[in-house]
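Morning, everyone. Please have a look at the sequence and the structure first.

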Amino acid sequence: MTEARLSGSALLPLAYRECRQIAATHGRTYFLATRLLSAERRPAVHALYAFARMVDDVVDRAARPAAHDRDPAAELDLIERDLRAALASHPGVVEQHAPSAEHGDCWTSVPRPRDLVLAAVTHTIHRYGIATQHFWTFLDSMRMDAPGAPAFRNRYATMAQLREYMRGSAAAIGLQLLPVLGTVVPVSAAEPAAAALGEAFQLTNFLRDVAEDLDRDRVYLPADAIAAFGVDEELLFECRRTGRTDPRVRRALAHLIAVNRDLYRRAEPGIDLLQPRVRPAIRTAATLYADILRHIERSDYAVFDHRAVVPRHHRLRIAATEFTTATLRDRLTR
């Protein structure tokens, strides 16, 4: 990252548009939910998503055999170094207004996508006063996914160990979002629910992506939790090989889905602690993500031969319902 690339506000429209494209391409549920946010808040949410996705891509590439040309731990260190440098070098960026992520000037030269994402997330952090510790906590958890890093771990013996990982990989992202969304109580009062919702989203990902994670030699299902149902790592890999879900694995997944739903229940009251205008978006995201669990159940836990996906028409219906409900509520309270 060069100083020239990050100097001046002219870069920001392009940077936020890059983040918007990343969110639209890779985070369909989140992107749909952000459409319910005000235009002012959307770019910041896209920037936070794009930063998390950029970091996640680093560790995902490390799990692919053809992608060992770069050291993921060193890449994560470089991202942290660049973000720290950008935050330290541009304290005045908070005084600028967030640009529209959907309009902007044409550019004759295009910086690297990484530089664009870092520019947008730096602006977002300054503008909304997001505690930077949430980003260092997130990066520390991502190092647990990076082969070669001292903290690397691709197996979790207990749910407590997994929650230690999720504290950075998921809860920290919920805490990053809080200042952007706004609260009707002190931010600290809304933090437990926001962290729980982040963990709920993450655990849903683990349950949906069991097969994909096994292909990367990762097991995010806590060993003690699945062992109670007679499941071990060898059986999971056998299910992946055959594409069939063993009855013991089915019972273990049902248990973990119940644990996951408890996280959603704990997070739900926190939605009412957010600013009224953002509640429909977060409620939509929570509803759609929780629906992934229902689709896993409806497939008879067939997570080894396909990926559970909430149909687009259902996602649109939930979003439309939340928007209509919020509109009626606004009219009644005026």
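Of the contacts in the protein with a separation of 6 or more, what percentage comes from residues 24 or more positions apart? The figure is 78%. Keep in mind that this is a predicted model.

Now the overall make-up. There are 15 helices and zero strands in the protein. Of its 334 residues, 53% are buried. The protein exposes about 15500 Å², and 53% of that area is supplied by carbon and sulfur atoms.

Helix α2 covers residues 11-26, which makes 16 residues. From its first C-alpha to its last it reaches 23 Å, close to the 22 Å expected at 1.5 Å a residue. Which residues of α2 are buried? They are Leu-11, Leu-12, Pro-13, Leu-14, Ala-15, Tyr-16, Cys-19, Ile-22 and Ala-23.

Last, a pair of helices. Two packed helices are described by the angle between their axes and the distance between the axes. For α7, residues 133-143, and α8, residues 159-181, the angle is about 150° and the axes lie 8 Å apart. Is their crossing left-handed or right-handed? The crossing of α7 and α8 is left-handed.

As for who meets whom, the α7 side includes His-134, Phe-135, Phe-138 and Met-142, and the α8 side includes Glu-164, Tyr-165, Arg-167, Ala-172 and Leu-175. By class, this contact of α7 with α8 has seven nonpolar, six polar and two charged residues.

Technical notes. Residues numbered from 1 in each chain as written. Predicted model: local features only at pLDDT ≥ 70, side-chain atom pairs only at ≥ 80, totals over all residues. Heavy atoms only, no water. Axes fitted to C-alpha atoms, helices over the stretch in contact; angles between N-to-C directions. Helix = DSSP H or I, 4+ residues; strand = E, 2+ residues; numbered from the N terminus. Left-handed = near helix turned anticlockwise from the far one by under 90°. Contact = heavy atoms within 4.5 Å. Nonpolar A, V, L, I, M, F, W, Y, C, P; charged D, E, K, R; others polar. Expected span 1.5 Å × (residues − 1). Buried < 20%, exposed > 50% of the residue type's maximum accessible area, 1.4 Å probe, protein only. Areas by Shrake-Rupley, 256 points an atom, 1.4 Å probe, with all protein chains shown as cover.
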